[in-house]
Amino acid sequence: MAVVLKTDKITKSFGGLLALDEMTLDFREQEIVALIGPNGAGKTTFFNNITGMYTPTSGTVEIFPPNQKSVKIQGMKPNLITELGLARTFQNIRLFGNMTVIENVMVGRHCRTKSHIFGAVFQTSSFKREEKESVEKSFALLEMINMSHLAGNLAKNLSYADQRRLEIARALATDPFLLLLDEPAAGMNPQETEDLDQLIVHLRDELKITILLIEHDMKLVMKISDRIFVMNQGRLIAQGTPVEIQNNPEVIKAYLGE
Amino acid sequence: MVENIKKSSIIAVWFIFLSFPLVVLRVDYIDKTIDYRWHNILWIGIGAFFISWVWRYFLKRKNESDKSSEGKNQGTSASTSRFQVQKIFEHKFALLGILIAAAIVPQFMSTYQTSIFITAMMYVVLGLGLNIVVGMAGLLDLGYVAFYAVGAYTYGLLNLHFGLGFWISIPIAGVLAASFGVLLGIPVLRLRGDYLAIVTLGFGEIVRLVLENWDVVTRGPSGIPGIPKPAFFGVKLGFAGNMTYLFYIILALVVIAMVATRRLQSSRIGRSWVALREDEIACQAMGIDTTKAKLAAFGLGAFWAGIIGVFFAAKSSFVSPMSFTFFESAIILSIVVLGGMGSVLGVILAAGILILLPEYLRFMADYRLLIFGALMVVMMVFKPGGLITNIRQQYTLPKRNSKEELAELHSSET
């Protein structure tokens, strides 16, 4: 399987603190990869470095969008990286609370549409067509996460689990080939986690998207991941299939101590 | 009950204490004696007692209704969304009604009344412009009056030096003000909230001070007199006729600004502004270029101010830096906040209240600012969201087989 994202020795330091230490890893087409590790291991920092929120101190991040030339993206602005096909969700939910559910998803369509002020004010035919497409596509995504009946509600009034799923739909609206989920199951009950797990597998199998997730729910991680990377103190300490990881002494040591 | 009486009594005593020097003591300079008007204390005490009682009652009721509506929102989603759709229709009819009434009004009003209404409508457009920057994009701009000044001086100076007319000046001033907006936008891209407010406040002052001190170009504090009013297809109208004509021009501008704002609000750009206001980091992560979005908001907001600046110069036929103080920015900002952030109808209503009310309260001239201030406090306590809460556009999709469609959409794009 083809590689879609490769990091080469990315390092990030905040002053004297080394948050990421020469992380080298790659994700392949259509796989679910989990990034796990104890709190403060640097998982979210890793996310932020490949999505442009942070600029790595050194090292490169290269992506290979399907049917396109590869691009080195370290240090690029987050919106450009999203345009290239990397979408993400946030650990602490960052929805647009005072916008409706459907509008949240439509904001995700922003970088795939072009109309500007002129078109909107004069309601040109290309503006109307684009707007209609946005609405249809957004509704389709809401259907997929079973939330189309909530389309007109304000995002801040949704339940916690619905907010997490809406974040995924919003990220999907940007047409990504790689989706980064930061603790998607946090705060969900077992039934909701079950639904989420089906959704993630559906994304990989039906939409052909590569998924990278940070997650603390080990049951979920072991069940759906194709490969797992384990981080501790900014360093990659192990990688492999769920079974390999479960029996890796380094990992056990990181989680349980000696 | 006892608790309430106690609270209100304390407030009454406090008010008596506060107002004592003002309402009780009166110094007679001729006889060199002091009048003690003790009966006034009684009125202040009784007034404060009852007002505090009523105040607490309404505050309690507000808190209760807040709580119950919160519960409702979570439970019945379908009913609330239907309610919102209805509200949008109500707004449309309300707008149409106001428009028709406004069109007939100048035929029955004195020139003085027309003039007041023109001013109010100027503030409607200014409010709608600032609404883009503050209400939608969430960028607190305290120097909005600078763009208004740019517009007014553009017309004033172009007319003085090159004899350019009103209509040609409008687009020039609009574009020039928009460029100033973008120019201001560039250095403040990284700022938010309080810091942004301070910088924009400074910008407003800079523009005013430049106008005041750059005598060679702007004629300094003496201003530019004799700016002509627009002629009606080459025909010079009388004083009253001019006012009526200006009334219809500004009415047209209000309608254009309203329609444009409404359309922008439910467009890709409008959504990106609101997203920017709601969460800048998420906004950027969703592929929105925040730099572009911010500059567009600043530019478009300033555009309207520039146009109204031209109109202002034509209406008053005199511009001077005195007209563009911070107080103007504050009034326009009050209109946006009082009306309800991002709400078009709210801006119209608030401009009406804030501009017309002081005019019609002239008969109690001594107290009008007091009433004005009290009104603002009451509004912010009881309706902090503004007069009219902005209602988001509702989208519907005709029912189709969604699964097939989804597959179709995704296969077409990969």
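## Close-up views of a predicted two-chain model

**View 1. Strands β1 and β4 of chain A run side by side.** In this predicted model, strand β1 (residues 3-14) of chain A is joined by five bridges to strand β4 (residues 58-63) of chain A, and the two run antiparallel. To find your way in, look for A:Thr7, whose bridge partner in β4(A) is A:Val61.

**View 2. The open sheet of chain A has four strands.** Follow them in the order β2-β1-β4-β5 (chain A), with antiparallel pairing. At the edges stand β2 (17-28) and β5 (71-72) of chain A; each has a single partner strand, so one side of each is left without a neighbour in the sheet.

**View 3. Chain A meets chain B.** The contact draws 52 residues from chain A and 44 residues from chain B. Between chain A and chain B, about 4,300 Å² is buried, with 61% of that area coming from carbon and sulfur atoms.

**View 4. Salt bridges and polar contacts link chain A and chain B.** Three salt bridges are found across this interface. In one of them, A:Arg94 pairs with B:Asp279, and their closest N and O atoms are 2.9 Å apart. There are also 10 residue pairs in polar contact between chain A and chain B.

**View 5. Helices line the side of chain A that touches chain B.** The elements giving two or more residues to this side are α2 (78-84), α3 (101-108), α4 (117-122), α5 (125-144) and α6 (160-172) of chain A. Of these, α5(A) gives the most, with 11 residues. The residues on this side of chain A divide into 24 nonpolar, 15 polar and 13 charged.

Methods
Residues are numbered from 1 along each chain as its sequence is written. Chains are lettered from A and ligands numbered from 1 in the order in which they are written. This is a predicted model: local features need pLDDT of at least 70, side-chain atom pairs count only at pLDDT 80 or more; totals for chains, interfaces and linings use all residues. Side-chain values use heavy atoms; hydrogens and water are left out. Contact means heavy atoms within 4.5 Å. Buried area is the accessible area (1.4 Å probe) that two parts lose on being put together, summed over both. A salt bridge is a side-chain nitrogen of Lys or Arg within 4 Å of a carboxyl oxygen of Asp or Glu. A polar contact is a pair of N or O atoms within 3.5 Å; within protein, one must be able to donate a hydrogen and the other to accept it, and residues adjacent in sequence count only if both atoms are side-chain atoms. Ala, Val, Leu, Ile, Met, Phe, Trp, Tyr, Cys and Pro count as nonpolar, Asp, Glu, Lys and Arg as charged, and the others, Gly among them, as polar. Two strands pair if DSSP finds at least two bridges between them.
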